[in-house]
Amino acid sequence: PDLRGTARLAVFSAGLHGSVQTDLARYDIWRQLSKPVSAAELEECVLDAVHWAGRSVSPHVIAKHPSRQEDVNPLSDAELAAARDHFSGDLRLFKDFREGCLDQFAADLDRGNASILSLDLQDLRHLSHSLKSVLLLLGHRELSHTSRELEVRAADGDVHGSEESWNVLAAELERLIGKPHRR
């Protein structure tokens, strides 16, 4: 509290549920933003904070960036919605992010497979926690839900359930990157 002074606290996390929200209540959190958050919601939070502090924001700081909509690879309706909601409609930025994620998914598959083999549910929980947000940002709501399910099962120590959820998630990640990985 001494370091905080009059600052307002905002929490930006993918883990804002149940007991976490209860724990945060004792810290007088001004705003909670659950990942993934839309660019508009994040911008609104920042502008509210700046306005509350009695400062003004130069118009060029909040100007919308033009969407770069080159027709490189067609996007699904879910991906277009994700690009609109989380990338301010910037399709090039979305596609660049997606390409980086697809590259990372290969490493994630290896990590998840190793975690299952060694029964390292803690590592599997951490991996699934990250994947759930990334998949949602990419417009894969069902896969994000599967990853959340895996996160909960791993946190609960449910070895069999974790393995089932991982196998479903791994098969879909393999499909997304277009090449199978050994398990």
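Trainee: Which residues lie nearest the centre of the second largest pocket?
Mentor: Phe12, Lys35, Pro36, Val37 and Leu137, out of 14 lining residues. A pocket here is an open set of points on a 1 Å grid over the protein atoms alone, where a 1.4 Å probe fits and protein lies on both sides within 12 Å along at least five of seven lines; lining residues have an atom within 4 Å of a point. This is a predicted model, where local features need pLDDT of at least 70 and side-chain atom pairs count only at pLDDT 80 or more, while totals for chains, interfaces and linings use all residues. Residues are numbered from 1 along each chain as its sequence is written, and side-chain values use heavy atoms, with hydrogens and water left out.

Trainee: Which elements give two or more residues to that lining?
Mentor: Strand E1 (10-13), helix H2 (39-52) and helix H6 (121-137). H6 gives the most, with 4 residues. Helices (H or I, at least four residues) and strands (E, at least two) are DSSP runs, numbered from the N terminus.

Trainee: And how much space lies in there?
Mentor: About 240 Å³, counted as the space filled by probe spheres set on the grid points, which are joined across faces, edges and corners.

Trainee: Switching to helices: at what angle do H6 and H8 cross?
Mentor: Roughly 40°, and their axes come within 12 Å. Axes are lines fitted to C-alpha atoms, for helices over the stretch in contact, with angles from 0 to 180 degrees between N-to-C directions. So H6 is oblique to H8; angles under 35 degrees count as roughly parallel, over 145 as roughly antiparallel, 65 to 115 as roughly perpendicular and the rest as oblique.

Trainee: Which residues make the contact?
Mentor: From H6, Leu121, Leu124, Leu127, Leu131 and Leu135; from H8, Val159, Ser162, Trp166, Leu169, Leu173 and Leu176. Contact means heavy atoms within 4.5 Å.

Trainee: What about H7 and H8, how do their axes cross?
Mentor: Helix H7 (residues 141-155) and helix H8 (residues 159-177) cross at roughly 150°, with axes that come within 9 Å. That makes H7 roughly antiparallel to H8. Among the residues in this contact are Leu143 and Leu150 of H7, and Trp166 and Leu169 of H8.

Trainee: And at what angle do H5 and H8 pack?
Mentor: Helix H5 (residues 91-118) packs against H8 at about 155°, with their axes 10 Å apart. H5 and H8 are therefore roughly antiparallel to each other.
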